[in-house]
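Have the structure open as you read.

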Amino acid sequence: MTKYTQRLCFLDLETTGFDPQKDSIIELSFVVLDQNGQEESRFDQLIQPEKSPLNDFVSELTGISQHDLDTEAKPLDTFKDEITTKIGDAVIVGHNIDFDINFLEAYGVPVKQNGRIDTHELARIVLLQEESYALEILAQKYGFKHENAHRAMSDVEVNIEIYDFLVEQIETLSPEFLAQIRPIIEKNSWWKEGAVLLASTSTKSVPTKKNTPRETPTQTIDIKSFSAQHNLLRAGTTRKTAELQKNLAYAYPKSVIVTERLDRFSGESFVPTPEVILAPQRFSEYLNQTFEKSIDITFAIQVAWRQFLGYRGKNFFDLFLHQYDLWNQVCLLSVESELFSQIIQERMDERVLVITPSAFLRFIDLPVFTDRTLIIDEGELFGESLLHAPTKRFSLLKYLNHTDEKISAPAHFWVSNFCQEVIREKTGHEISPFPTKILLKDSDKFADFADSATQFLDSSDQPLLELLTNPQPKEVRWLTYYPQNGDLVFESWHPEDWRALKEKLSAFKTLLFHRHTPSESLAFFRVFLGISQAEEFEFEHLLPDFSWEVPTDLISNRSPEYNAYCAQKIDQIARAEINDSTNVVTSFSSLETLRNTYNKLSESLSDTDIQIFGERVKGGQGKMFQMMKNQKNILLLLQKISDKNLDQYDFQHLILHRIPFSAPHPLLEKIEAVMKQSNQNFWEVWTTPQVSAALARRTADFETLQTVTCLDGRENAKWAKAMIYGAWPHLRQREN
């Protein structure tokens, strides 16, 4: 295969931000190669900022200082003619190249008409199951020299190597597959990545699909002890108990493990939901369209290659950002589909199945689960899934985004009126920029709105009219308005549906793992899982074992000094604890707070050899883990990540910015009011188990954890700190 059949311009910019209308170009570099791959010209220049100035974050990221700009940078206008002449009609190549093209166009450099090849898109098509597709991570993994990452010319030079590497990888694609996608690419000839794919002269046979090997149990479990219908097993996190759960599962003729942590049960047979399965017919229809955007056709070819290899589950398709929305156009829609029925039939004879809580509760009546022993991981979180499972949900987003104005226009008018006449009146203020949840009263009826909704509602959402006008006795109703996309969602829940689901659950022989110490009356299990009688077991060696620490000088979160106090405490702990064998991790509830703290710590710890990493600070999750490899003295700032990649790091100290309370919810608000009427303690029955489970999950990824420091300065956190000792009395308290 010839790598160069046309002039290619490998180009990269460094900028002060992401918005071409507000931010500045500070460095522009490119190398133009001729049709034979020989260098024709190059350009490498610092550029004077015209819009937003250089900031500390960009300076740290790129290594470009204000002094560099003051002494070496020149106005972009000085070079526009030279840049335009050198680039000419060359196809512009780069990693996420649309970003660079949009900036150049905004600054008056006419490159929009040039062809473009995005090596990030090519990599996502050709390379399977990469942890990250970032330029510097691919360079690091595949051994390309990249000494000055985030400097434009260094990125250009490594991008040439990655382009050559990707062309070589294209030679490994099956010629049958390339013949299959040829009509799609020829129909969308503007997509220059397609020309690179079709230039392949591959004669290789179809590669074999990779399968994760089935893990067999390491020991035999005597299950005679678990003779009761319901058995409560108090133990640690999924990380600590996964092996025990698998051994128990294989001790029974047939079983099903219900867990959110599917990654801990790799190799077992999963039961999917239809929405995570590629629908061949829908995907075929998707391929038949004429694409207008590169992101759409890249997704099409990316999915087509993995389908050709035999994959059908969403997690094998390497989806990225907007591609998750595109997936909704090609996945199965219903449990009634023939393919889904086929998959379920394939699972019938499997000895052990693994499934998520929401999927199990959705499919609980399927024959595939008949006569199986139920092993429930994280019983407290399963109880939360069980509570919400009977909820009926009606979203108006599909009408708001409908292509037919006769549907979308009245839907927009309807939502706007509802916000003004109902939501604003109930909240007593203007519409918030954040999602708004409102619990509806039994007396709230909206007959006029129901009448006008018939203009756009289809038959599947007709029950919404009943919800608006004629609520059932004891029915709980609430609404949520999402101002970001304009969606208005109505939801309803009935205790009889909940009770019926708990009765179905009680028919299974159950081994339920949990984290908190149950009350004598088994209040949580009785109320939220329908289990009033059970045998109880405790696996002390699998329970969390760390010191719990609350600073004596902890200040209120209402204080204007609170965030600065937290950053200072993290700084102190990092300096005191981090050495060659100990790393520190901090868990935040807010990404904004995480980023602000990251910036403060980057400055305050600049005199140390501590390596600071933050979730979604300098790239995605895979990129962050790749950058952490072989690093020592790590301070890691997390918000949501819970990943087995964390296993390889020796984190001994966890700092909790906030105790992980469940988010407020109208349904829980209603249940708390009902429980209060019958003199039941909602905090004891619900909040204590949920906080225990959430804290266990947050600490689960850190096997060597010795100390947890809590910096939560909220008033209700005082109760939670006491609760934690009630739920986990074995923990050691450390004064500081």
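## Ground rules and a hairpin

Strands here are DSSP runs of E with at least two residues, helices are runs of H or I with at least four, and both are numbered from the N terminus. Two strands count as paired if DSSP finds at least two bridges between them. This is a predicted model: local features need pLDDT of at least 70, side-chain atom pairs count only at pLDDT 80 or more, and totals for chains, interfaces and linings use all residues. Residues are numbered from 1 along each chain as its sequence is written, and side-chain values use heavy atoms, leaving out hydrogens and water.

Val-31 sits opposite Arg-42 of β3. There are 5 residues between the two strands, and Gly-37 has a positive phi near 80° in this hairpin.

## Four domains

The chain splits into domain 1 (8-174), domain 2 (230-389 + 508-542), domain 3 (392-493) and domain 4 (547-735). Those bounds come from an automatic or database domain assignment.

## Where domain 2 meets domain 4

The C-alpha centres of domains 2 and 4 lie 27 Å apart. On contact (heavy atoms within 4.5 Å), 22 residues of domain 2 touch 28 of domain 4. About 2,200 Å² is buried between them, 58% of it from carbon and sulfur atoms; that's the accessible area (1.4 Å probe) the two parts lose on being put together, summed over both. Arg-239, Arg-261 and Phe-528 provide 25% of domain 2's share, more than any other three residues.

There's 1 salt bridge across this interface, using a cut-off of 4 Å from a side-chain nitrogen of Lys or Arg to a carboxyl oxygen of Asp or Glu. Glu-378 and Arg-697 form a salt bridge, with their closest N and O atoms 2.6 Å apart.
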